[in-house]
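Here are a few exercises on helix packing and nonpolar cores. Have a go at each one with the structure open, then check the worked solution.

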Amino acid sequence: MLKQSDDLAGTAEARAPGALERLDALLRAWAIGFAAVRGDVLSPRLAESRRGLGADEAAGFLAALDAGILHVDSAGFVRPQAFRRKPSGGRYALFSRNGAGVAVNLEYLIQLAAAAELISVHHVAGPDICFEQGEFDAVVEADGVPTLVMEAKARIHGPDGLLGLLASLLRLSEDGQAAAGRNHWRKYKALLDITARGPVVLWLVADGARWPFEAHAADAGVRLVPRPLRPATKESLPGTCV
């Protein structure tokens with residue numbers, strides 16, 4: 001799965017030529033608009049992120065933008081156009097205040113891009129995708145029953161990385177009393193509740209990562225089985241686990 005990171009980065013240029021440069025220019029333009037509508041932001045200057053922009057997240061976000069699955073206004077607020085938004089919102093800010101200036105909310109880039117990929121790559125019907133539902137960043141439903149849950153992190157490695165979440169979920173699947181952070185525990189508990197109704201696909205996502213697992217109820221816990229990382233087809237993610 002870690003090798004996949006190089007593959008995704010390598011295909012990013014083909015998916016969206018010049019993605020890093022184009023998204024950087026757009027973010028700087030949107031930051032000007034964000035500062036204009038936020039009285040507490042004194043400067044549109046973008047703070048330098050130690051994580052920087054990733055080629056995969058940039059290509060995915062721009063592909064969703066170009067396909068009309070996402071719309072971004074002049075102040076960097078994103079409105080999904082094709083999948084269901086949470087009832088309490090529906091507008092997602094790419095920026096937050098950072099001192100006198102602006103910082104990019106990196107996790108939204110890959111979170112929104114991956115939700116859009118469910119439509120453009122895996123051919124899921126947009127109305128079946130619930131964005132930010134419960135403990136997960138997206139849930140795919142068929143007739144009201146979850147078939148896929150997605151959780152996205154900005155990066156694979158690091159304090160809030162995807163590997164850390166996966167490690168916690170695997171520990172808890174072996175021992176429901178294992179040590180885990182509160183956020184990771186809540187996600188495991190939500191997965192436990194969902195799989196009690198039937199198996200689902202757990203799709204873990206980050207810049208450079210698309211990791212699918214089959215999640216089954218087993219011995220009062222959850223059993224996670226990696227799915228083959230094959231080229232995407234209509235059946236490669238959503239649908240019934242076997």
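**Exercise 1.** This is a predicted model. Find how many residues the largest nonpolar core has, and which of them have the most contacts inside it.

*Solution.* Start with the count: the largest nonpolar core has 52 residues. Trp 30, Phe 61, Phe 83, Leu 94 and Phe 95 are the ones with the most contacts inside that core. Next, see where the core's residues come from: H4 gives the largest share, 11 residues. Now zoom in on Phe 61. Leaving out residues up to four places away in sequence, Phe 61 touches Leu 23, Trp 30, Leu 70, Val 72, Val 78, Leu 94, Leu 109, Leu 112 and Ala 113. Finally, there is a second, separate core of 23 residues, with Leu 169, Val 200, Val 222 and Leu 224 among them.

**Exercise 2.** Work out how H2 and H3 are oriented to each other.

*Solution.* Take the axes to begin with: those of H2 (residues 19–37) and H3 come within 9 Å and cross at roughly 70°. Angles from 65 to 115 degrees count as roughly perpendicular, so H2 and H3 are roughly perpendicular to each other. The crossing is left-handed. On the H2 side, the contact uses Ala 19, Leu 20, Arg 22, Leu 23, Leu 26 and Trp 30, while H3 brings Ala 55, Ala 58, Ala 59, Phe 61, Leu 62, Leu 65 and Asp 66. Sort these by class and you get 11 nonpolar, no polar and two charged residues.

**Exercise 3.** Is the crossing of H5 and H6 left-handed or right-handed?

*Solution.* First the geometry: H5 (residues 162–174) packs on H6 (residues 182–195) at an angle of about 55°, with the axes 10 Å apart. H5 is therefore oblique to H6. As for the hand, the crossing is right-handed. Gly 164, Leu 165, Ser 168, Leu 169, Leu 172 and Ser 173 of H5 make the contact with His 184, Trp 185, Lys 187 and Tyr 188 of H6. By class, that contact has five nonpolar, four polar and one charged residues.

Definitions and conventions:
Residues numbered from 1 in each chain as written. Predicted model: local features only at pLDDT ≥ 70, side-chain atom pairs only at ≥ 80, totals over all residues. Heavy atoms only, no water. Core = buried A, V, L, I, M, F, W, Y, C linked by side-chain atoms within 4.5 Å. Buried < 20%, exposed > 50% of the residue type's maximum accessible area, 1.4 Å probe, protein only. Helix = DSSP H or I, 4+ residues; strand = E, 2+ residues; numbered from the N terminus. Contact = heavy atoms within 4.5 Å. Axes fitted to C-alpha atoms, helices over the stretch in contact; angles between N-to-C directions. Parallel < 35°, antiparallel > 145°, perpendicular 65-115°, else oblique. Left-handed = near helix turned anticlockwise from the far one by under 90°. Nonpolar A, V, L, I, M, F, W, Y, C, P; charged D, E, K, R; others polar.
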